[in-house]
Amino acid sequence: MNIENIWNRFLSTIKRKVNTLSFNTWFRDSKLVDISDNNIIIIVPTPAHKKHLAESYIDIIKEIFNEITGTNFNVEFLLENEYQKNIVNDNNELDEEIGVPFNNPEKANLNPDYTFENFIVGESNRFAQATALAVAENPGKMYNPLFIYGNSGLGKTHLMQAIGNYIIKNTTKRVLYVTSDQFINDFLGLNKKDKDGKNFDYIDLFKDKYRNIDVLIIDDIQFLGNAPKTQNEFFHTFNTLYDDKKQIIISSDSSPDDLKHLEDRLRTRFNWGLKVNIFPPDNELRKEILRKKMANMDFSSHMSEDAIDYIANMCHSDVRSLEGALTRVCAYSTIFFEEEITLDLAIEALKGTISSSTNFKNDIQKIQRVVAEYYNVSVDDLKSKKRVATIAFPRQIAIYLSRNLTDESFPRIGMEFGGRDHSTVIHSCDKIANEIKNNKQLENIIEEIKKKLE
Ligand code: ADP
Ligand code: MG
């Protein structure tokens with residue numbers, strides 16, 4: 001039997017023994033390259049594969065090779081370049097249990113569509129996906145904390161929720177997903193007292209929610225930067241979970257070292273585990289995502305290759321805008337009863353939309369400009385600490401509009417308005433919303449400003 005035969009037999013056996021997701025992630029892109037004396041060498045795509053195969057799959061791998069060849073081999077996993085350089089590492093024979101299937105409808109705050117099965121892998125996110133799956137298969141044991149960072153719209157939330165969904169499906173562990181916004185809100189509740197001046201019950205609830213879990217997934221941690229007191233609480237929550245070997249998964253728009261608004265002791269902790277960067281999708285991945293999403297949409301129109309090329313080229317920075325463009329093109333073809341999505345149709349459907357979607361981030365800035373102009377103050381005034389009514393009032397209006405006309409969160413808006421606390425933002429929004437109800441003139445002003453924004 002030559003090497004290729006042995007490998008093919010190995011693949012078809014392991015395929016029956018592990019689930020499809022594990023097979024595709026850990027084995028499909030690996031390759032048997034050498035068999036000599038007692039040694040087998042397998043080339044794997046990333047360091048995460050190396051570690052995970054050696055720690056979690058080594059027994060089953062050896063067993064299968066034994067079945068096929070009748071020999072007990074040592075198995076080594078090497079990266080392509082290590083193999084080229086002939087570096088030989090001792091392999092690690094730690095054995096770890098994989099979660100036992102168990103159905104547990106835990107209330108974890110997860111979107112059931114965000115699964116590994118729906119996450120399309122390419123060069124730009126392969127490492128992130130592999131480490132995420134490693135954590136999902138071995139929560140609390142492999143990489144703790146797992147810190148996923150990258151620009152908006154690249155799949156961080158999807159990937160971290162996929163870990164949560166996987167764990168819930170396959171184990172009895174308790175998972176909790178929250179955004180840092182939600183954590184801040186829960187923490188603010190700690191300071192509220194009931195009518196007897198007590199808040200003990202709430203403290204227990206808070207501790208129970210955040211400490212009595214096995215996996216904490218916390219999204220967009222950068223927003224804790226605006227909330228120093230909450231950071232302190234998070235620090236204690238982190239320590240408690242970490243000391244108990246509970247898995248912590250964190251996402252952010254930048255690497256821990258760049259989170260300058262966070263306390264040093266938090267940043268240090270974020271560096272304890274593994275940091276993975278998720279990159280913008282390359283052209284190939286963008287096209288793959290378009291094809292797969294089309295197929296899943298159960299949508300009868302066919303899309304021509306040049307239309308796929310066009311959309312993939314137009315939306316190069318992130319997956320979210322790619323999805324938006326696809327939805328738009330499909331809607332357009334439905335409205336005009338087109339059977340085939342051609343290049344012309346894609347061009348027509350996306351006319352004028354791409355640049356506006358990439359400029360979406362500037363919406364708060366646009367609102368600030370328009371409001372400042374309307375009230376004859378400067379944008380810097382809106383961001384300043386000045387409290388005179390001629391500035392504070394327009395500021396509140398701009399904050400109110402930012403909340404109502406964009407998708408941005410309270411902390412994000414606070415940041416854009418000179419680093420204000422998110423409770424200030426909530427206060428401004430409530431105040432203007434209440435005033436509009438009783439003040440027809442203000443209502444008209446708001447309408448006028450909204451028109452200018454269009
Ligand atoms: P982020 O949290 O990084 O801003 P999200 O996880 O919210 O990004 O992703 C934005 C959208 O793009 C979501 O609908 C998500 O399902 C989708 N998406 C991102 N990456 C992928 C991928 N690799 N495969 C499939 N869908 C993806
Ligand atoms: Mg996100």
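The bend at a residue is taken as the angle between two fitted axes, one through the seven residues ending at that residue and the other through the seven residues starting there. In the predicted model described here, local features require a pLDDT of at least 70 and side-chain atom pairs are counted only at pLDDT 80 or more, whereas totals for chains, interfaces and linings draw on all residues. Residues are numbered from 1 along each chain as its sequence is written, chains are lettered from A and ligands numbered from 1 in the order in which they are written, and side-chain values rest on heavy atoms, with hydrogens and water left out.

Helices and strands were assigned as DSSP runs numbered from the N terminus, a helix being a run of H or I of at least four residues and a strand a run of E of at least two. On this basis the protein chain contains 21 helices and 10 strands, and its C-alpha trace spans about 85 × 65 × 40 Å along the principal axes. The accessible surface of the chain, computed by the Shrake-Rupley method with a 1.4 Å probe and, for residues, with only the protein chains shown counting as cover, amounts to about 22900 Å², of which 48% belongs to carbon and sulfur atoms. Of the 454 residues, 49% are buried, where buried denotes a relative accessible area under 20%, exposed one over 50%, and partly exposed the range in between (1.4 Å probe, protein chains only). With contact defined as heavy atoms within 4.5 Å, 74% of the contacts between residues at least 6 apart in sequence join residues at least 24 apart.

Helix α3, which covers residues 47-69, carries a kink of about 80° centred on Tyr-57. The expected span of a helix is 1.5 Å times one less than its number of residues; for the 23 residues of α3 a straight helix would reach 33 Å, but the end C-alpha atoms are only 27 Å apart. At the start of this helix, a side-chain oxygen of Thr-46 comes to within 3.1 Å of the backbone nitrogen of Ala-48, and after the helix follows Gly-70, with a positive phi near 75°.

Asn-144 and Pro-145 are joined by a cis peptide bond with an omega of about -5°, and Pro-145 lies in the loop between α5 (126-137) and β4 (146-149). Positive phi values also occur in residues other than glycine: Asn-109, in the loop between α4 (80-84) and α5, has a phi near 75° and is partly exposed, with a relative accessible area of 42%. Asp-220, in the loop between β6 (215-219) and α9 (228-243), has a phi of about 55° and is likewise partly exposed, at 24%.

When a disulfide is defined as a pair of cysteine sulfur atoms within 2.5 Å, the count comes to 0. The sulfur of Cys-315 is too far from any other for a bond, because the closest cysteine sulfur, in Cys-330, is 12 Å away. Cys-315 is buried, with a relative accessible area of 3%, and Cys-429 is buried at 8%.

Ser-402, located in helix α18 (residues 389-405), counts as buried at 0% relative accessibility. Apart from neighbours within four places in sequence, Ser-402 is in contact with Ile-364, Ile-367, Ile-413 and Phe-417.

Technical notes: Polar contact = N/O pair within 3.5 Å; in protein donor to acceptor, adjacent residues only side chain to side chain.
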